[in-house]
Amino acid sequence: MRRTPALAAYVAAAVALLCPGSAFAAVDEAEGRAIEGLNEIRTARGLAPLRASKALTQSANAYSRRMLVGEFFGHQARIPVASRFRTAGETLAWHSGWQPGARRTLRQWMNSPPHRAVLLSPAFRLVGMGMERGRLGGRATTMWVAHLGRR
């Protein structure tokens, strides 16, 4: 009988992780909103919308996580995406706090000429957004990475 409460706690934790209402679903929602917002901006400028890429989303999430774990913010010499992409681009952003701030992040990128040039480049067809929450310099931080590519 003593095992029942522990088992129930494990089951509840597993269900929370798998339910659409979990914190993981909120991350996916924020990333989806960022892609939708980016595509609105692109189509308003006569550019083709970007298609979401599972591989680019995985690489963007992995890199945002890597920056938080490694306590750094910046680009590497090579964009860490799958080799099947012959062209790749990357934009990074971070802000204090835990709120995703997808629209705010897009505004930051659009107000930066180098970031805007990458996100509005007609050379790209696919996009993956990654967002992670953690601590950077001891402060609550939300890290964003957009990986863009073309096969």
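Reader: Hi! Which residues of α3 are buried?

Author: Hi there! The buried residues of α3 are Ala55, Leu56, Ser59, Ala60, Asn61, Tyr63, Ser64, Met67 and Leu68. Buried means under 20% relative accessible area, exposed means over 50%, and partly exposed lies in between, with a 1.4 Å probe and protein chains only. Helices (H or I, at least four residues) and strands (E, at least two) are DSSP runs, numbered from the N terminus.

Reader: Where do these coordinates and numbers come from?

Author: This is a predicted model, in which local features need pLDDT of at least 70 and side-chain atom pairs count only at pLDDT 80 or more, while totals for chains, interfaces and linings use all residues. Residues are numbered from 1 along each chain as its sequence is written, and side-chain values use heavy atoms, with hydrogens and water left out.

Reader: Okay, back to α3. What span should its 17 residues have, and how far apart are its end C-alpha atoms?

Author: Helix α3 covers residues 54–70 and should span 24 Å at 1.5 Å a residue; its end C-alpha atoms are 24 Å apart, which agrees. The expected span is 1.5 Å times one less than the number of residues.

Reader: What is there at the start of α3, and what comes just after α3?

Author: At the start, a side-chain oxygen of serine 53 comes within 3.4 Å of the backbone nitrogen of alanine 55. Just after α3, glutamate 71 has a positive phi of about 55°.

Reader: You listed Ser64. Which residues is serine 64 in contact with?

Author: Serine 64 sits in helix α3 and counts as buried, at 0% relative accessibility. Leaving aside neighbours within four places in sequence, serine 64 is in contact with Gly130, Met131, Glu132, Met143 and Val145. Contact here means heavy atoms within 4.5 Å.

Reader: New topic: how many salt bridges does the structure hold?

Author: The structure holds three. A salt bridge is a side-chain nitrogen of Lys or Arg within 4 Å of a carboxyl oxygen of Asp or Glu. Side chains of opposite charge can pair when their charged atoms come close.

Reader: Which residue does glutamate 132 pair with?

Author: Glutamate 132 forms a salt bridge with arginine 65, and their closest N and O atoms are 3.4 Å apart. Glutamate 132 lies in strand β3 (residues 126–136) and arginine 65 in helix α3, so the pair ties together parts that are 67 residues apart in sequence. Arginine 65 counts as partly exposed, at 40% relative accessibility.

Reader: And which residue forms a salt bridge with glutamate 40?

Author: That is arginine 103, with the closest N and O atoms 3.4 Å apart. This pair links distant parts of the chain: glutamate 40 is in helix α2 and arginine 103 in helix α4 (residues 102–110), 63 residues apart. Both count as partly exposed: glutamate 40 at 45% relative accessibility and arginine 103 at 42%.

Reader: What about arginine 33, which side chain does it meet in a salt bridge?

Author: The side chain of arginine 33 meets that of glutamate 29, at 3.9 Å from N to O. These two are four residues apart in helix α2, so about one helical turn separates them. Arginine 33 is partly exposed, with a relative accessible area of 37%, and glutamate 29 is partly exposed too, at 48%.

Reader: Then there's arginine 42. Is it buried or exposed?

Author: Arginine 42 is buried yet has no salt bridge. The nearest side chain of opposite charge, glutamate 40, is 12 Å away. For charges, Lys and Arg count as positive and Asp and Glu as negative, while His and the chain ends are not counted. Arginine 42 belongs to helix α2 (residues 23–44), and the residues that arginine 42 touches include Leu50, Leu120 and Phe124.

Reader: Where does leucine 50 lie?

Author: Leucine 50 lies in the loop between α2 and β1 (51–52), and is buried with a relative accessible area of 5%. Among its contacts beyond four places in sequence are Leu38, Arg42, Val127 and Leu148. Leucine 50 and leucine 120 are 70 residues apart in sequence and 9.8 Å apart in space, C-alpha to C-alpha.

Reader: Last one: how many helices and strands are in the chain?

Author: There are five helices and four strands, following the pattern α-α-β-α-β-α-α-β-β along the sequence. Of the chain's 151 residues, 42% count as buried.

Methods:
Polar contact = N/O pair within 3.5 Å; in protein donor to acceptor, adjacent residues only side chain to side chain.
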